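Hi everyone, thanks for making time today.

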Amino acid sequence: MTKIILIGPPGAGKGTQAENISQQYELPCISTGQILRQEIQNQTDLGQKCQQCIDNGELVPDHLILEVIHTRLLQSDCSQGYILDGFPRTLRQAQALASSEVLLDGVIYINVRDEVIIERLAGRWIHLSSGRVYHEKFNPPKVLGKDDLTGESLTQRKDDKKESIQRRLISFREDTQPVIDYYLDQSRSSTTRFIEIDGDRPLNDVFTEISAFMNSLQS
Ligand code: AP5
């Protein structure tokens, strides 16, 4: 059973690498951003409550996210471990996870410079229902504008506009950097391992380093 957190600024490549890890290690990927985008698409009560926050690049309130995660982790596919992508991103969320007695094996912090983030988000295209992520230059789909597996149309995210990206970067520094410090500190006195990875490299190089870390957890 392996439980992993992927953490990092917007556009660091968390979703992209979560999909790679999920395939290679047969672990479900739980992306709070993807769950919320689907709720918005389906116009559920939760979707309506969080749409404005997401479009503006603000964090959704902790109590809503904790409810989402609590429900999701109870599903049977999580019984053998999982990858958390985008959760926790506040200290309150990290403490709630710790108090539910989840023992994490590893925390993977993917770090990327702000200039790189802006170029990545401007060229990102997603397949909304699966969460598959492409980039028009760095990771293009086989057919322009179409998902590789379903052939369905790709879209751009509303929160990938300039003002929202700036807010997401501020929120990363103010709310999520303390979570990274928290896990780094924890790794010194617990069995949870922590690694910082330079995400400003080709996709495969980043994944090679992640794989080495994952293999070290399992050996
Ligand atoms: P979320 O979906 O989690 O967004 P995020 O954290 O801002 O991260 P992104 O999805 O933008 O980036 P990523 O790191 O996954 O990068 P990606 O792989 O796509 O959250 C969205 C919103 O939901 C939040 O703003 C908030 O409102 C809400 N929310 C979610 N969780 C919450 C929580 N816990 N609490 C409160 N609110 C929450 O890659 C980006 C692009 O770069 C892609 O085009 C990709 O192809 C490309 N790329 C990736 N890696 C590389 C590489 N190595 N080289 C070149 N290109 C690359």
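We'll go from the sheet to the helices, then to some backbone details, the ligand and one aspartate. Before we start, please keep in mind that this is a predicted model.

Let's begin with the sheet. It is open and has five strands, in the order β2-β3-β1-β4-β7, with parallel pairing. Which strands sit at the edges? Those are β2 and β7, the latter covering residues 193-198, and each of them pairs on one side only. On average, neighbouring strands of this sheet are turned by 20° against each other, with direction ignored. As a quick reminder, strands of a sheet pair through backbone hydrogen bonds, either parallel or antiparallel.

Now zoom in on one pair. Strand β1, residues 2-7, runs parallel to strand β4, residues 106-111, and four bridges join the two.

Helix α1, residues 14-25, lies across β1, β2, β3 and β4, and runs at about 170° to β3. Helix α8, residues 203-218, packs on the sheet too, where it touches β1, β4 and β7. The direction of α8 makes about 170° with that of β7.

Another helix I'd like you to find is α4, residues 62-73. Its twelve residues reach 16 Å from the first C-alpha to the last, close to the 16 Å expected at 1.5 Å a residue. Which residues of α4 are buried? They are Asp62, Leu64, Ile65, Leu66, Val68, Ile69, Arg72 and Leu73. The cover over these buried residues includes strands β2 and β3 along with helices α2, α3 and α5.

On to the backbone. Most residues other than glycine have a negative phi, and most peptide bonds are trans. With that in mind, look at the loop between β3 and α5, where proline 88 lies. The peptide bond from phenylalanine 87 to proline 88 is cis, with omega near -5°.

Two more residues are worth a stop. Glutamate 26, in the loop between α1 and β2, has a positive phi of about 55° although it is not a glycine. Glutamine 43, in the loop between α2 and α3, also has a positive phi of about 55°, and it is not a glycine either. Are they buried or exposed? Glutamate 26 has a relative accessible area of 70%, so it counts as exposed. Glutamine 43 is exposed as well, at 62% relative accessibility.

Let's turn to the ligand. There are 36 residues around it, and those that come nearest are Thr16, Glu58, Arg124, Arg168 and Arg201. A backbone N or O atom of glycine 11 lies 2.8 Å from a ligand oxygen. In the side chain of arginine 37, an N or O atom is 2.9 Å from an oxygen of the ligand. For arginine 89, a polar side-chain atom lies 2.8 Å from a ligand oxygen.

Last stop: aspartate 159, in the loop between β6 and α7. Its relative accessible area is 6%, which means it is buried, since the cut-off is under 20%. A polar contact of 3.0 Å joins its side chain to that of arginine 157. Beyond its neighbours within four places in sequence, aspartate 159 is in contact with Ile54, Asp55, Ser164, Ile165 and Arg168. Arg168 is also one of the residues that come nearest to the ligand.

How values were computed: Residues numbered from 1 in each chain as written. Predicted model: local features only at pLDDT ≥ 70, side-chain atom pairs only at ≥ 80, totals over all residues. Heavy atoms only, no water. Expected span 1.5 Å × (residues − 1). Buried < 20%, exposed > 50% of the residue type's maximum accessible area, 1.4 Å probe, protein only. Contact = heavy atoms within 4.5 Å. Pairing = 2+ DSSP bridges. Axes fitted to C-alpha atoms, helices over the stretch in contact; angles between N-to-C directions. Near = heavy atom within 4 Å. Polar contact = N/O pair within 3.5 Å; in protein donor to acceptor, adjacent residues only side chain to side chain.
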